[in-house]
Amino acid sequence: MNMATSNAQVDEVGAEDGPLYEARRKIYPIAVHGRFRKIKWALLAITLGIYYLLPFVRWDRGPNAPSQAVLVDLANGRFYFFFIEIWPQEFYYLTGLLILAALVLFLMNAVAGRIWCGYLCPQTVWTDLFQAIERMVEGDPRERREKLKHASRAQRAFEAASKHTLWLMVAWWTGGAWVLYFADAPTLVMQLLKGEGPAIAYVWIGILTFTTYVLAGHMREQVCTYMCPWPRIQAALTDEYALNVTYRYDRGEPRGSFKKTQALKLQGLPGGDCVDCNQCVAACPTGVDIREGLQLGCIQCGLCIDACDTVMKKINRPTGLIAYDTDMNVQARQQGRPTVTRLLRARTVLYAALIVVVGGIMLTTLATRGYEGLSVIHDRNPLFVQLSDGSIRNAYTLRLVNKELSSRQFQIAVEGVPDATVEVVGGVPDAQGRPVVAVGPDQTYEARVLVSTHARLPENASLGITFHATDIEGGRTASAPDHFKGP
Ligand code: SF4
Ligand code: SF4
């Protein structure tokens, strides 16, 4: 792999070239039309639409919970995702989700290289949007070069100011949408509009406005080429069967101008389909010349395919000189061997199987998760007390968890200690005299519980005791073990 950067359609903005340093060449890709451009526009609209609008989607959870479909409620330590509510102690779901995301990324890479980078990565999506704004305001690079020769200083300044203002507006809205995931979106929008929002919201909007503006507006492909670790990782994960954007050099070479190639062909000499028009390079958002082979800078966006297909159609040659293909197949065609497309291979099957297993585990744990929880802490000092009637008493702190969105009453019982009586300090027993603890909707409650027994215990007794908290209405029980100490 090499890190080639095209010299077409680029303007030097740095000062001097030197042996140890090459000034950054700013890339202004031309607009292209075609299949992959359409797919990219559609994915851009879907992903940005989801990002900007999702905080406004409502989800009715009843009167005791927020009605925002996706909400990170930092104050109460909850994450709401439609019908799922995650408590802080269930953060392993997030770990599972990250593992799942990594496996999906590996599978995508094994099937078609860096399609994540080319179509779905936030850096690509926002850069694409910023470049579209740039082209809308300043024109396509060809127009822009002409304009720069004739435009007045005032016109150039006006266009630059318009572009940066639009960029900043998009960046500001990006930061604004981010904070809406952390509070009730309509309320926060009103607060922000009136200048009454929390200070932290303004800080985060500022940070994200700045990073979006810099990363998508100014750094663009530099992030993919130099800052992102994924190209290095995926280079190690890919294999010869993965489909990558490939220049079919078997068909394209020897390249040359249309006229020159026609002349060569008339003389019976070999002439390739590549007319060396450089449109593929001019369309590339990272400035790569795909004809030099698979490269670290190539994000597999397919725009060079669209650019080249347009040229091929114009000169009446078959499209697909650049296409999703494998180098192995290009070589096979050159040698007259049959081509192979193998989607089912050990690594794709393995990744798919792991996705099914991890996804299955997550779904099962979600479907069978308890909506009540119990933990117990024994008093450290004293470990037990002998009462005047001779009975032995141990004291515990019970933490009861009610994940349901309505109040519940739990009956507390123990097993493992003979003739045990249970008393909830400050609690009111129910009509049958059973010790009961009430826990509010979506809350935890800490109760102090005393367990006593008149039974004769062995010397230095340490009996296993199990606490049960049973929902009086629903009948579901949470249990937790501990010890009962004696003299
Ligand atoms: S766009 Fe196609 S024909 Fe033109 S230089 Fe690139 S590969 Fe060759
Ligand atoms: S070489 Fe082609 S596929 Fe790769 S980044 Fe450039 S335009 Fe996209």
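This is a predicted model: local features need pLDDT of at least 70, side-chain atom pairs count only at pLDDT 80 or more; totals for chains, interfaces and linings use all residues.
Local features need pLDDT of at least 70 and side-chain atom pairs count only at pLDDT 80 or more, while totals for chains, interfaces and linings use all residues. Residues are numbered from 1 along each chain as its sequence is written, chains are lettered from A and ligands numbered from 1 in the order in which they are written, and side-chain values use heavy atoms, with hydrogens and water left out.

Ligand 1 has around it Tyr247, Cys274, Val275, Asp276, Cys277, Asn278, Cys280, Arg291, Cys308, Met312, Leu321 and Ile322; a residue is near a molecule or strand if one of its heavy atoms lies within 4 Å of it. By class, this shell holds nine nonpolar residues, one polar and two charged. Here Ala, Val, Leu, Ile, Met, Phe, Trp, Tyr, Cys and Pro count as nonpolar, Asp, Glu, Lys and Arg as charged, and the others, Gly among them, as polar.

The shell of ligand 2 consists of Val245, Cys284, Pro285, Thr286, Val288, Ile290, Cys298, Ile299, Gln300, Cys301, Gly302 and Cys304. Nine of these are nonpolar and three polar, with no charged residue. One member, Thr286, sits in the loop between α13 (279-283) and α14 (303-314). Helices (H or I, at least four residues) and strands (E, at least two) are DSSP runs, numbered from the N terminus. Thr286 has a relative accessible area of 6% and is therefore buried; buried means under 20% relative accessible area, exposed over 50%, and partly exposed in between (1.4 Å probe, protein chains only). With neighbours within four places in sequence left aside, Thr286 is in contact with Ile27, Glu221, Gly297, Cys298 and Ile299, where contact means heavy atoms within 4.5 Å.

Ile322 of the ligand 1 shell also belongs to strand β7 (residues 322-325). Both faces of β7 are covered: Ile322 and Tyr324 are buried on one side, Ala323 and Asp325 on the other. Strand β6 (residues 244-247) pairs with β7 in the antiparallel sense over four bridges, and Asn244 stands opposite Asp325. Two strands pair if DSSP finds at least two bridges between them.

Elsewhere, four strands form an open sheet in the order β13-β11-β15-β16, with antiparallel pairing. Its edges are β13 (436-439) and β16 (477-485), each of which pairs on one side only. Neighbouring strands of this sheet are turned by 30° against each other on average, direction ignored. Strand β11 (residues 408-415) and β13 are antiparallel and share four bridges; in one of them, Gln409 has Ala438 of β13 as its partner.

Across the whole structure, the search finds 16 aromatic pairs. Rings of Phe, Tyr and Trp (its six-membered ring) pair if their centres lie within 6.5 Å; planes under 30 degrees apart count as stacked, over 60 as edge-to-face and the rest as tilted. Phe106 and Tyr351 make a tilted pair, with 5.7 Å centre to centre and 50° between the planes. Phe106 lies in helix α2 (residues 92-112) and Tyr351 in helix α16 (residues 346-368), so this pair ties together parts 245 residues apart in sequence. Phe106 is partly exposed at 24% relative accessibility, whereas Tyr351 is buried at 11%. Tyr51, Tyr52, Trp126 and Tyr181 form one aromatic cluster.

Two packed helices are described by the angle between their axes and the distance between the axes. For helix α1 (residues 35-53) and α14, the angle is about 140° and the axes are 7 Å apart. Axes are lines fitted to C-alpha atoms, for helices over the stretch in contact, and angles run from 0 to 180 degrees between N-to-C directions. Arg35, Phe36, Arg37 and Lys40 of α1 meet Leu303, Ile305, Asp306 and Asp309 of α14. The residues of this contact divide into three nonpolar, no polar and five charged.

Most residues other than glycine have a negative phi, and most peptide bonds are trans. The bond joining Glu253 and Pro254 is cis, with omega about -5°, and Pro254 lies in the loop between α11 (249-252) and α12 (258-266). Another cis bond runs from Asn381 to Pro382, with omega near 0°; Pro382 is in the loop between β8 (372-378) and β9 (385-386). Phe82, not a glycine, has a positive phi of about 50°. This residue is in the loop between β4 (78-81) and β5 (84-86) and is partly exposed at 22%. Asp419 also has a positive phi, near 50°; Asp419 lies in the loop between β11 and β12 (420-424) and is exposed at 60% relative accessibility.
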